[in-house]
Number of protein chains: 8
Amino acid sequence: MDHHTSDLGFARVDIGRQARQGLPEIVYGPGKQDAEIAAIVTTLIARNTGPVLVTRVEAATAAAVHAAVPGGRYDEAARLLTWREADDIGFRVAVVTAGTSDGPVAAEAAAVATALGMRVTEIRDVGVAGIHRLLAETDRLRDADTVIVIAGMEGALASVVGGLVEAPVVAVPTSVGYGAALEGVTALLAMLTSCAAGLTVVNIDSGFGAALAAYRLTRVSA
Amino acid sequence: MDHHTSDLGFARVDIGRQARQGLPEIVYGPGKQDAEIAAIVTTLIARNTGPVLVTRVEAATAAAVHAAVPGGRYDEAARLLTWREADDIGFRVAVVTAGTSDGPVAAEAAAVATALGMRVTEIRDVGVAGIHRLLAETDRLRDADTVIVIAGMEGALASVVGGLVEAPVVAVPTSVGYGAALEGVTALLAMLTSCAAGLTVVNIDSGFGAALAAYRLTRVSA
Amino acid sequence: MDHHTSDLGFARVDIGRQARQGLPEIVYGPGKQDAEIAAIVTTLIARNTGPVLVTRVEAATAAAVHAAVPGGRYDEAARLLTWREADDIGFRVAVVTAGTSDGPVAAEAAAVATALGMRVTEIRDVGVAGIHRLLAETDRLRDADTVIVIAGMEGALASVVGGLVEAPVVAVPTSVGYGAALEGVTALLAMLTSCAAGLTVVNIDSGFGAALAAYRLTRVSA
Amino acid sequence: MDHHTSDLGFARVDIGRQARQGLPEIVYGPGKQDAEIAAIVTTLIARNTGPVLVTRVEAATAAAVHAAVPGGRYDEAARLLTWREADDIGFRVAVVTAGTSDGPVAAEAAAVATALGMRVTEIRDVGVAGIHRLLAETDRLRDADTVIVIAGMEGALASVVGGLVEAPVVAVPTSVGYGAALEGVTALLAMLTSCAAGLTVVNIDSGFGAALAAYRLTRVSA
Amino acid sequence: MDHHTSDLGFARVDIGRQARQGLPEIVYGPGKQDAEIAAIVTTLIARNTGPVLVTRVEAATAAAVHAAVPGGRYDEAARLLTWREADDIGFRVAVVTAGTSDGPVAAEAAAVATALGMRVTEIRDVGVAGIHRLLAETDRLRDADTVIVIAGMEGALASVVGGLVEAPVVAVPTSVGYGAALEGVTALLAMLTSCAAGLTVVNIDSGFGAALAAYRLTRVSA
Amino acid sequence: MDHHTSDLGFARVDIGRQARQGLPEIVYGPGKQDAEIAAIVTTLIARNTGPVLVTRVEAATAAAVHAAVPGGRYDEAARLLTWREADDIGFRVAVVTAGTSDGPVAAEAAAVATALGMRVTEIRDVGVAGIHRLLAETDRLRDADTVIVIAGMEGALASVVGGLVEAPVVAVPTSVGYGAALEGVTALLAMLTSCAAGLTVVNIDSGFGAALAAYRLTRVSA
Amino acid sequence: MDHHTSDLGFARVDIGRQARQGLPEIVYGPGKQDAEIAAIVTTLIARNTGPVLVTRVEAATAAAVHAAVPGGRYDEAARLLTWREADDIGFRVAVVTAGTSDGPVAAEAAAVATALGMRVTEIRDVGVAGIHRLLAETDRLRDADTVIVIAGMEGALASVVGGLVEAPVVAVPTSVGYGAALEGVTALLAMLTSCAAGLTVVNIDSGFGAALAAYRLTRVSA
Amino acid sequence: MDHHTSDLGFARVDIGRQARQGLPEIVYGPGKQDAEIAAIVTTLIARNTGPVLVTRVEAATAAAVHAAVPGGRYDEAARLLTWREADDIGFRVAVVTAGTSDGPVAAEAAAVATALGMRVTEIRDVGVAGIHRLLAETDRLRDADTVIVIAGMEGALASVVGGLVEAPVVAVPTSVGYGAALEGVTALLAMLTSCAAGLTVVNIDSGFGAALAAYRLTRVSA
């Protein structure tokens with residue numbers, strides 16, 4: 001076992017990630033027991049200096065982990081546990097949603113981005129069926145260093161935003177919708193074939209993935 | 001064999017369709033020999049009084065059929081053969097496309113609609129990556145009795161148009177695009193899950209289907 | 001924020017939709033809290049004059065919203081909440097189902113259409129395995145200004161109805177069936193490839209979508 | 001190597017099939033060289049007494065095999081080569097198609113059935129968009145001992161026929177259609193989920209498979 | 001409403017089916033209320049003379065319907081309710097399963113076949129991983145007038161049985177298996193592409209469908 | 001019934017498998033009642049001499065079967081019941097996982113392999129996002145006679161391991177992940193198209209299948 | 001028509017895109033005639049000041065357009081036509097491929113990026129089956145401001161690179177591979193579910209899309 | 001660049017693979033120019049001592065490469081180019097096919113295995129529709145150290161063979177078949193869900209992959 005890894009038996013914590021990528025490993029909560037999460041978090045806090053995050057955590061688990069590892073914060077809407085959130089680095093991220101049902105994914109994206117030091121603006125419920133709602137927000141969209149567009153159903157919002165701004169656009173398909181929405185696959189495919197050039201796409205419902213993609217952008221000018 | 005049908009041996013022509021649906025049977029060209037098309041057309045002309053159309057016909061077939069059945073017209077872009085086109089019935093159809101590659105599907109929709117007596121306005125190349133191109137056409141869109149929206153890739157144009165007009169909107173996904181466009185399946189799924197309420201959808205690349213759907217609309221107020 | 005939009009924080013209500021499309025925004029219930037629905041409904045009632053509808057609402061939510069916003073009506077079979085239903089506009093819609101299991105989708109289509117002022121005739125349980133059941137209803141089908149055909153499994157009813165009437169036909173695939181029915185995808189694909197010309201299709205189980213498509217038709221002759 | 005098999009090196013001919021199943025092995029032509037087909041046919045003629053068939057054979061191959069193995073017959077529409085066709089066994093098969101494009105599949109079904117001694121009635125071009133065409137043939141359908149229904153697109157014809165007759169119905173989906181027809185998959189799924197009870201289905205475009213299924217039926221009363 | 005149909009309001013009972021197809025309409029239980037099933041059954045008993053069946057009925061519903069319509073029988077393993085089961089017509093059906101998990105589908109096939117007068121032999125748990133288990137049953141397989149083969153996972157049993165017998169073989173894919181079994185779709189596709197000629201296939205888990213297909217076979221020699 | 005089979009009525013136990021394949025039949029638990037499992041196990045113990053295993057058994061069933069058939073052992077993490085585990089045969093299997101969520105599948109693979117006499121090394125949580133974790137284990141990987149690689153999401157671990165070792169590599173895709181992971185289908189497809197030559201793949205989540213594949217390898221040098 | 005658009009009849013050129021997004025509209029070549037491309041390019045050159053690009057152009061078309069619009073350059077490997085390429089802006093992009101077959105996609109990405117002023121480093125043929133090839137390039141990877149990873153088959157390279165660098169990573173799945181590679185869909189799904197956090201993905205074979213995504217990144221620090 | 005890699009500019013040859021995996025890198029021919037193949041082969045011959053293979057090479061390319069690199073051998077049926085084939089290592093591989101159309105895949109598997117020193121027995125055309133053909137070969141199957149089973153359509157042969165032998169079985173699905181065979185996907189899924197325990201599967205049509213998997217097996221006892 002090399003010194004970039006801490007082997008806890010049930011998990012092999014990637015201690016070297018902060019050196020390699022500017023950020024400690026982020027813990028994916030599901031499938032781990034409360035005590036396992038607590039042990040991993042303890043290791044990460046001890047062996048790194050940056051922010052420590054656990055995603056997709058339900059309230060009961062959050063309480064148990066808090067009890068074991070003091071100093072953390074829990075955002076229930078985002079299902080996010082954090083310790084040592086980063087200071088504001090001045091990088092502006094707009095988190096835009098098509099509808100109110102996309103809210104939980106947006107909450108995760110916003111909370112992760114905030115915890116990593118980004119300055120988040122949320123622009124909600126601007127789906128293209130009432131295009132004036134989006135156009136009225138053009139200036140705020142253009143002020144952002146990057147835009148995260150979150151939409152389910154046909155995901156058309158990503159294409160329209162992609163044509164309005166020059167900043168990087170990260171599209172997040174959501175599983176909102178029914179029938180032919182195919183649990184987010186339709187929005188995913190639609191975003192990948194967007195007529196707006198230079199969009200990029202992350203996995204369905206992955207607010208976390210979009211925030212991390214934005215974090216990588218902050219390293220460009222770092 | 002009933003008197004609503006004319007049995008040509010190789011085909012059973014639905015003579016009763018004009019009485020039932022206001023329009024003679026429309027012939028689908030592919031898979032039929034030139035002589036078969038000519039015989040079917042001859043029967044339809046003799047046994048009905050309305051317009052007679054053959055779709056998806058290549059130029060060589062068109063010439064052969066014209067030689068056998070005089071008085072027809074051929075639209076090469078639309079691959080459509082017609083006899084006895086209908087007089088203008090004053091019903092206004094807007095045929096809107098996202099990009100130039102959607103042209104052949106639009107040509108079929110426009111030519112079929114025209115042959116059935118509709119007044120067609122074409123609004124081309126107004127894909128949502130430059131949304132101002134579409135918004136500049138809002139008045140012309142709102143003037144139409146029905147709007148046919150034709151788009152490939154992610155098909156987002158249908159949702160935006162669907163939110164701008166109150167008229168019926170028939171969305172036609174096209175096989176334009178590559179990779180995740182899945183030969184039109186992505187646009188099809190996207191249009192079916194549009195956030196704009198009350199859109200309806202026809203088969204991939206079916207300009208013909210959209211025109212016929214529009215024709216049915218003309219019967220509402222007939 | 002423009003005057004066509006009312007920003008409630010958690011939602012951005014499209015106040016301008018009635019002016020643009022003749023109808024206030026219709027609220028999709030799932031994923032919204034009771035208080036949020038009540039606030040949106042209150043806004044729509046205050047800022048528009050037309051009918052206000054909330055779809056896919058369970059009984060408990062309906063009761064809570066009724067308590068907050070008086071004057072509404074709840075149709076449990078259709079899961080629909082309404083205020084200020086429209087007066088009869090004389091437009092006749094036939095809602096046709098293949099089997100009794102398609103009932104809930106038909107209830108939604110019929111209730112939405114009625115709330116928007118259409119005159120609805122329901123023709124139930126006329127699947128094509130006993131074709132005489134459908135043929136016996138031919139006259140009622142032909143009397144309608146538009147026909148909504150609702151079927152699961154193989155969805156063949158849409159093709160047969162499409163060949164019997166000249167009016168617009170909106171086909172709604174349902175998720176009725178098992179195995180190769182693929183939760184409605186088979187019926188959806190079948191309806192999109194119908195041999196009956198000019199059918200249009202909406203999303204799986206979307207009685208709402210079909211009713212809105214019918215509503216758009218009423219605007220043609222308006 | 002047992003005596004039920006003849007090993008030609010490049011192929012292992014199932015000599016025992018006639019004893020086991022009442023019929024010599026039927027040869028699938030594609031992927032075999034002319035000389036290989038000739039050798040297999042020669043073996044089957046020598047070691048069995050029943051009809052010998054080769055399916056999906058193009059004209060040039062047919063000529064080459066005829067030159068090598070005299071006494072055969074070639075049906076170009078059916079792409080079928082036969083030797084020693086069976087005498088009429090009085091079993092009546094109706095081969096029904098939805099449209100003219102389904103013709104080649106019907107030709108294969110009819111030719112194979114005829115070569116195996118069945119009495120074939122063809123009922124063509126009775127797709128459900130003009131349901132009267134089918135109903136006019138009800139008596140001929142009911143006269144058959146079994147009905148093979150061949151249809152592409154949405155395949156609805158199978159359901160309607162399935163509800164009209166009491167005989168076994170074998171449904172053959174075809175690859176006729178485009179877009180959402182998915183090269184026959186839509187018709188296949190639709191036929192498998194038919195609302196008419198007791199239909200059975202074979203592979204896409206498999207006129208051969210349907211004829212063999214019919215042949216098995218002849219053994220029931222044999 | 002014609003005299004072949006009895007309209008109960010919530011359902012349109014196909015009274016004419018016995019005349020058309022030798023068998024009263026069979027009722028699909030799911031989605032119907034106990035009282036509705038009872039009313040339909042009462043109608044079928046009154047207006048037809050043949051066996052009356054309701055499929056996919058849970059025990060509680062069975063009890064409730066029994067209370068309302070006396071004289072019925074309930075087979076819990078098959079989830080089948082019957083009245084007036086048919087006398088033995090001497091037609092021998094073998095119901096063959098690959099594994100014990102296919103049991104419920106086999107139970108439905110066997111119970112429906114028995115209720116319609118067929119003589120059923122069950123041959124269980126003869127999956128091809130131990131091929132001697134199947135070969136030891138060859139004689140019993142060959143004694144049957146028709147064979148219903150029920151298998152999940154890769155469904156290979158159908159191909160092997162198809163090559164052993166000359167009688168009609170109806171293959172029923174089941175949803176047994178996990179992962180790449182895709183809830184029965186893999187077995188379905190495999191059975192449709194079987195190398196054994198003349199197999200036919202019904203929907204996933206449809207023991208009912210296979211029994212009805214067998215019933216149609218009994219009409220051939222009737 | 002031949003002497004290689006024991007017919008228990010509800011199941012046909014393949015007594016001959018040990019002679020044919022060196023190992024008694026392994027019982028798949030789901031869908032069988034406790035008493036059925038106990039009876040099958042009793043038969044296998046009586047009629048074979050090798051290890052007897054039941055997979056995918058929940059704790060309550062394990063207790064019930066233990067009560068009926070003494071001498072067994074239950075591994076709850078692996079959901080495995082065993083009797084007469086094999087002695088160590090010296091064959092070294094490395095079981096490698098990408099993440100902690102792949103644990104249950106690894107537990108099944110390891111427990112089955114151990115029960116069949118293999119010597120198992122577990123190397124956990126070495127997903128490729130921190131490639132040094134894997135490279136640090138290269139020597140242990142190369143020491144194994146075969147490597148089982150277990151990964152969900154994109155399954156990339158299999159390709160990297162496949163390029164590091166010369167031993168047989170059996171890849172097991174897991175259903176870990178969400179959205180585009182498609183419940184394991186993505187990892188399955190990725191492993192099948194690995195750029196590392198000579199990998200083989202088993203079904204999603206099938207730790208059992210991988211262990212049995214490894215067992216077959218032990219027979220090569222036996 | 002607004003002043004941001006130039007309507008050429010067959011196309012509606014988005015003149016305003018440079019002002020909105022820092023870059024003139026980029027022309028997608030397929031489906032456009034040579035003269036149409038020349039006219040669009042002429043318009044873009046006249047009405048904007050930035051680089052003008054046409055993608056997916058075959059050599060014959062390139063020659064024809066060059067004849068009509070002087071001053072351009074053609075990169076045959078990249079199938080790219082350019083006028084007024086941008087000066088070096090100092091932004092470093094690494095274009096990394098898994099195998100030689102990914103070359104054409106890499107060529108497009110590199111040529112587009114270069115034409116837009118980026119400084120491109122190509123790192124070819126470092127697929128993960130020989131992981132040392134990639135690790136030997138770690139320093140060059142870490143020097144880049146962004147990394148474009150291009151891979152077909154299982155696309156595992158993206159995950160490994162994603163774990164090695166902190167810069168933004170844009171993954172491009174390619175259609176390289178056969179069978180289960182599903183023409184790039186497998187690589188696409190795998191990249192979307194990568195275990196490396198913060199990867200983003202573009203459409204299959206879209207070297208262009210990746211370069212444009214990189215271009216958007218250059219605007220962050222602009 | 002490390003000494004395990006030889007960088008030819010257009011390709012990065014993995015010189016270290018023989019040391020790591022006992023075998024030089026095997027070259028995949030498609031997409032490489034004749035001169036590129038020749039250069040890679042020259043490098044592999046110079047820098048390794050083992051056999052050098054190029055797969056999927058057409059005859060014209062083979063001739064051109066032979067001219068540039070003397071001493072090679074070309075197997076046209078297998079589309080394989082080899083230099084320095086290995087001596088017989090005594091490892092017995094049975095290559096079994098279901099039908100004659102599976103021949104080309106079998107040829108590739110056999111030729112690659114032979115070139116790597118394995119002793120190959122071919123057992124052709126033993127598809128399960130005539131199960132006696134396979135059973136007659138049981139002894140030869142059981143003599144093999146490993147069995148490669150090659151089958152298209154429903155791929156059932158793999159399951160039956162898997163139950164007959166105790167050796168490792170590598171299943172290769174082929175794209176033989178039409179319609180529901182889905183170009184090999186059906187056989188692939190069927191083999192992955194085989195009821196025979198411990199089968200492993202490689203990509204569609206990958207005779208090469210199966211031979212390499214067999215090669216890895218030879219290392220177990222090496």
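Author: Contact, as the term is used here, means heavy atoms within 4.5 Å. The model is a predicted one, in which local features need pLDDT of at least 70, side-chain atom pairs count only at pLDDT 80 or more, and totals for chains, interfaces and linings use all residues, while side-chain values use heavy atoms, with hydrogens and water left out. Residues are numbered from 1 along each chain as its sequence is written, and chains are lettered from A and ligands numbered from 1 in the order in which they are written.

Reader: How do you know how many residues of chain G and chain A take part in their contact?

Author: By the contact rule, 34 residues from chain G and 34 residues from chain A take part.

Reader: What is meant by the area that chain G and chain A bury?

Author: Buried area is the accessible area (1.4 Å probe) that two parts lose on being put together, summed over both. Chain G and chain A therefore lose about 2,800 Å² in total, 56% of it on carbon and sulfur atoms.

Reader: Why is the meeting of Arg219(G) and Glu166(A) called a salt bridge?

Author: The term requires a side-chain nitrogen of Lys or Arg within 4 Å of a carboxyl oxygen of Asp or Glu. Arg219(G) and Glu166(A) are 2.8 Å apart, N to O, so the pair qualifies. The rule finds 2 salt bridges across this interface of chain G and chain A. It also finds 18 residue pairs in polar contact there, both residues at pLDDT 80 or more; a polar contact is a pair of N or O atoms within 3.5 Å, where within protein one must be able to donate a hydrogen and the other to accept it, and residues adjacent in sequence count only if both atoms are side-chain atoms.

Reader: What makes up the side of chain F that touches chain H, and which salt bridge is found there?

Author: Glu166(F) and Arg219(H) meet at 2.9 Å, N to O, and so form a salt bridge. The elements of chain F giving two or more residues to that side are α1 (17-21), α7 (156-164), β10 (169-173), α8 (185-192), β11 (200-201) and α9 (207-220). The most comes from α9(F), with 8 residues. These names follow DSSP runs, numbered from the N terminus, with helices (H or I) of at least four residues and strands (E) of at least two. Chain F and chain H bury about 2,800 Å², of which carbon and sulfur atoms give 56%.

Reader: What confidence does the predictor give to chain A?

Author: On the pLDDT scale, the predictor's confidence in each residue from 0 to 100, chain A averages 94, and 98% of the residues score at least 70. The model scores ipTM 0.94 and pTM 0.96.
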